[in-house]
Amino acid sequence: MPLPGPAAANPLQCNTCGVVLSSTSNLKRHFMTHTGERPFRCQVCGVTYTQSNNLKRHYMFTHGGHGGQQSTAAASTACQASNLGTLGP
């Protein structure tokens, strides 16, 4: 998948900002910072992430993990509060 912009001198160099990365996958992930793409969405609260591991961490800590004990409504409330930086009762 070619990245937009002029051809980079180094194939692992970002065409937008010039940073050089160590692998093609790192370059693709980095490029999302320029496009705003956030393809990983929490099915409970809708928050989005650029990387699946960040979504998994969010789900584990905010919604009680895989098969967690919280109800969907309680998990959504906790998620909204944590996204604001405070937890409610």
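In helix H2 (residues 52-62), the buried residues are Asn54, Leu55, His58 and Thr62. They line one face of the helix, because their directions fall within an arc of 100 degrees when H2 is viewed down its axis. An α-helix has 3.6 residues a turn, so residues three or four places apart point the same way. After H2 comes glycine 64, which has a positive phi near 85 degrees. The model described here is predicted.

Cysteine 42 lies in the loop that runs between strand E1 (40-41) and strand E2 (48-49). Its relative accessibility is 3%, so cysteine 42 counts as buried, the limit being under 20%. Leaving aside residues up to four places away in sequence, cysteine 42 touches Val47, Leu55, His58 and His63.

Serine 22 sits in the segment before helix H1 (24-35). With 63% relative accessible area, serine 22 is exposed. Its side chain makes a polar contact of 3.0 Å with the side chain of asparagine 26.

| Pair | Separation in sequence | C-alpha to C-alpha distance |
|---|---|---|
| Cysteine 42 and leucine 55 | 13 residues | 6.7 Å |
| Serine 22 and leucine 12 | ten residues | 6.8 Å |

An unreviewed UniProt entry lists residues 12-39 and 40-68 under "domain: C2H2-type".

Technical notes: Residues numbered from 1 in each chain as written. Predicted model: local features only at pLDDT ≥ 70, side-chain atom pairs only at ≥ 80, totals over all residues. Heavy atoms only, no water. Helix = DSSP H or I, 4+ residues; strand = E, 2+ residues; numbered from the N terminus. Buried < 20%, exposed > 50% of the residue type's maximum accessible area, 1.4 Å probe, protein only. Contact = heavy atoms within 4.5 Å. Arc of directions from axis to C-beta. UniProt positions renumbered as here; feature names shortened; annotations may be inferred. Polar contact = N/O pair within 3.5 Å; in protein donor to acceptor, adjacent residues only side chain to side chain.
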